[in-house]
Amino acid sequence: MSKPLQTLSPRGTVNQATPASASRIVTLTPAPAIDRVYFLDRMVEGHVNRATRVETYLAGKGINVARALSLAGNVATAVVPINAEDLELAEGSESVRKKVFKTVEVTAPTRVNAIIVDTDGATTNFNESAAPLSTAKWQQLCAATLHEVERVKADWLVLGGSLPADISTGREVDPGNLFRAARRAGASTCLDTSGDALKAWASPANPVDLVKPNKEELADITGTQLRTMRDVVYAANLLRKRGVRTVLASLGSDGLVEVNEHEVLWARGPSAKVLNTTGAGDAALAGYLSALPHASAAPYTREVVREALARAVAWGALAVQEPTTILPRVVFFPEGISVSAPDPDYLLSR
């Protein structure tokens, strides 16, 4: 049986100056969204529900990751295709926009996601599909991303969120050339998506350094049922056999499992009060990447991986306690996080 967890302390270094091992990360979010978050006392299905307040901001996996990394003092750029008017509406703060965002202007309106959050911590999402991109616009977006990778000498390129369709073919855009060029430029590659895109890229023909599926995505891509920690490790190793160097599986309240070429580690912390689950995985990924040194240092030592996993769990816990996906603070040296070999017989939470 697993040892009981310690209490997660809020102590630690919060929003300190740029750490010596600060990472350089470029993210690409090809299908950003304007998140409109409605806060309710309680949502009643089939009835008129009145929000106590509404917040609107620009979001998407890569955007959320870059925001958190920038907050922690890392060099982070979020590349996004977006209508200029939508960016002004969503982002408000000119200084934040200039610091974090690299935009490629498109004419299509940015999709709008409605997120319902009630005081019990239940989060309900209504997400629009991504607007398609022309081949020329996708190539422009990839060129802008590669320019940022080369400009900052990025350690990592993170492709986050769903992939839009190419207008001319109707199929999802192909990030293959971008990933290969980023690797030639010295950046490791991380794919944080789901569905067909993840299935296509978790293959020997398209090797990726890191993927971060949640429990449902891991089960879907491998065709397995995940009931125990043993099942999670087995499914992650199936992905590794397809060419993925490292699998970082997000298991919600059951923590995170990393399966790499050297070992399997399980990180988890104590229960946190959940206000909003949207963006928790993005915060965890940002925490993980923020602890990794330059990509040329891979394979990383056990100490580095343990620190990265502890920070990932801590940032994810901070995220679920916030009403939106925008973290107000981060913790560099979290306490109360357990990082150890997983208990194979541990039953996953439903």
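1. Helices here are DSSP runs of H or I with at least four residues, strands are runs of E with at least two, and both are numbered from the N terminus.

2. The model is predicted: local features need pLDDT of at least 70, side-chain atom pairs count only at pLDDT 80 or more, and totals for chains, interfaces and linings use all residues. Residues are numbered from 1 along each chain as its sequence is written, and side-chain values use heavy atoms, with hydrogens and water left out.

3. Helix α4 spans residues 135-152, which is 18 residues. From its first C-alpha to its last, α4 reaches 26 Å, close to the expected 26 Å; the expected span is 1.5 Å times one less than the number of residues. Lys 153 follows α4 and has a positive phi, near 55°.

4. Two packed helices are described by the angle between their axes and the distance between the axes. Axes are lines fitted to C-alpha atoms, for helices over the stretch in contact, and angles run from 0 to 180 degrees between N-to-C directions. The axes of α9 (residues 280-290) and α10 (residues 302-320) come within 7 Å and cross at roughly 150°. The two helices are therefore roughly antiparallel to each other, a term for angles over 145 degrees.

5. In the contact of α9 with α10 (heavy atoms within 4.5 Å), residues of α9 including Ala 283, Gly 287 and Tyr 288 meet residues of α10 including Leu 309, Arg 311 and Trp 315. The residues of this contact divide into eleven nonpolar, three polar and one charged. Ala, Val, Leu, Ile, Met, Phe, Trp, Tyr, Cys and Pro count as nonpolar, Asp, Glu, Lys and Arg as charged, and the others, Gly among them, as polar.

6. Helix α9 also packs with α1 (residues 61-71), at an angle of about 50° and with the axes 8 Å apart. Lys 61, Asn 64, Val 65, Ala 68 and Leu 69 in α1 meet Asp 282, Leu 285, Ala 286 and Ser 290 in α9. By class, this contact has five nonpolar, two polar and two charged residues.

7. The chain as a whole has ten helices and 14 strands. Of its 350 residues, 53% count as buried.

Notes: Angles under 35 degrees count as roughly parallel, over 145 as roughly antiparallel, 65 to 115 as roughly perpendicular and the rest as oblique. Buried means under 20% relative accessible area, exposed over 50%, partly exposed in between (1.4 Å probe, protein chains only).
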